[in-house]
Amino acid sequence: MRVRSASAPPPGRTVNEDLVFRAGPLVGVLDGATVPDGFDIGCVHGPQWYVRHLAARLGLAEAARPAATLVSNLAAAILAVRADHGGQCDLDHPGTPSSTVCLLRDGGDQVDYLVLCDSPLVLETGDRVDVVSDDRLAVSTASLRATAAELPESTDPETRFRYAVTVQRQWMNRTHGYWVAAADPDAAYHAVVGTVPLRGPDALRRAVLLTDGASAAVEEFGLFDWVGLLDLVTAEGPGALIDRVRAAERDHPDRRRRHKPADDASAVYCEFTRLDDNGA
Ligand SMILES: [Zn+2]
């Protein structure tokens, strides 16, 4: 597996709450949830600390238990990060630090993947290109918009925003809500997972792990389709994809679904050598 990656905050910002990592056969992208101004999180550490610790714990879990499922290792990593908080944080706080998770593990003759929350994975197997995504946050956000629409018309934007954040927090890691890596290891068991072969006609050829800041190239700005994204990243590298998103953000500041005009963006490109059936 050959891997290339890029990750960057928007121009003018120095803090990147995305993280890309590689630990042996495991590659991943994490997107830490930004804390809106004025909201408490019950934790002295914050989102950047959270994604760094989760990545480190995922790497350790993989090293300690390479035969375990990605779900099991993610649950172990979430549990270990609970301990990393050191007892000084309220881990039951609804604003506790959280992160999306997108993982891919090269098992030699097959590849395992895991997607939790809105960091999608593009897979090219044989002649097909598929996207593995977890749309529960998007579904929750859509019903949140419907609920917010019922607030009195005179409600000011700040009150609407505070209401939306408060309701969304109540849906985190709840049945009928959405699931994300935070303080509850059970979230791992709600991830979208699968395995694809590295041999035969449906063998995996290329994969791209994305945070939503990078998948916005397709999903928000419509710059190209998923095949186009794969081809761009193959030809010009993951950094070129982020450059395209930055240009689109400059040209269309109104096109973002969220209130922020630009987002941290990350992409990890994995390319696989075709194995024949003799294993050569
Ligand atoms: Zn903490």
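These legends describe close-up views of a predicted model. Local features need pLDDT of at least 70, side-chain atom pairs count only at pLDDT 80 or more, and totals for chains, interfaces and linings use all residues. Residues are numbered from 1 along each chain as its sequence is written.

View 1. The domain assignment gives domain 1 (2-134 + 179-271) and domain 2 (135-176). Such bounds come from an automatic or database domain assignment. The domain centres, taken over C-alpha atoms, are 24 Å apart. Nine residues of domain 2 are in contact with 14 residues of domain 1. Contact is defined by C-beta atoms, placed from the backbone, that lie within 7 Å. On the domain 1 side, the touching residues are eight nonpolar, three polar and three charged. Ala, Val, Leu, Ile, Met, Phe, Trp, Tyr, Cys and Pro count as nonpolar, Asp, Glu, Lys and Arg as charged, and the others, Gly among them, as polar.

View 2. Strands (E, at least two residues) and helices (H or I, at least four) are DSSP runs, numbered from the N terminus. Two strands pair if DSSP finds at least two bridges between them.

View 3. Six bridges pair strand 2 with strand 3 (residues 26-32) in the antiparallel sense. Asp18 has Asp31 of strand 3 as its bridge partner. Ala23 stands opposite Leu26 in strand 3. Two residues lie between the strands of this hairpin, where Gly24 takes a positive phi near 60°.

**View 4. Strand 10 and its two partners.** Six of the seven residues of strand 10 (residues 265-271) are buried, so the strand is largely enclosed by the rest of the structure. A residue is buried if 20 or more other C-beta atoms lie within 10 Å of its own, exposed if 12 or fewer, and partly exposed in between, with C-beta atoms placed from the backbone. Strand 1 (residues 2-8) runs antiparallel to strand 10 and is joined to it by seven bridges. Strand 9 (residues 204-210) is also antiparallel to strand 10, with five bridges. Glu271 is the bridge partner of Arg2. Glu271 is likewise the bridge partner of Arg206.

**View 5. Helix 5 in its surroundings.** Seven of the eight residues of helix 5 are buried, so the helix is largely enclosed by the rest of the structure. These are Asp212, Gly213, Ala214, Ser215, Ala216, Ala217 and Val218. They pack against strand 2, strand 3, strand 9, helix 6 (226-236), helix 7 and strand 10.

**View 6. The crossing of helix 5 and helix 7.** The axes of helix 5 (residues 212-219) and helix 7 (residues 238-251) come within 9 Å and cross at roughly 70°. Axes are lines fitted to C-alpha atoms, for helices over the stretch in contact, and angles run from 0 to 180 degrees between N-to-C directions. The two helices are therefore roughly perpendicular. That term covers 65 to 115 degrees, while angles under 35 count as roughly parallel, over 145 as roughly antiparallel and the rest as oblique. Helix 5 contributes Gly213, Ala214, Ala216 and Ala217 to the contact. Helix 7 contributes Leu241, Ile242, Arg244, Val245 and Ala248. By class, the contact has seven nonpolar, one polar and one charged residues.

Note on methods. Two residues are in contact if their C-beta atoms, placed from the backbone, lie within 7 Å.
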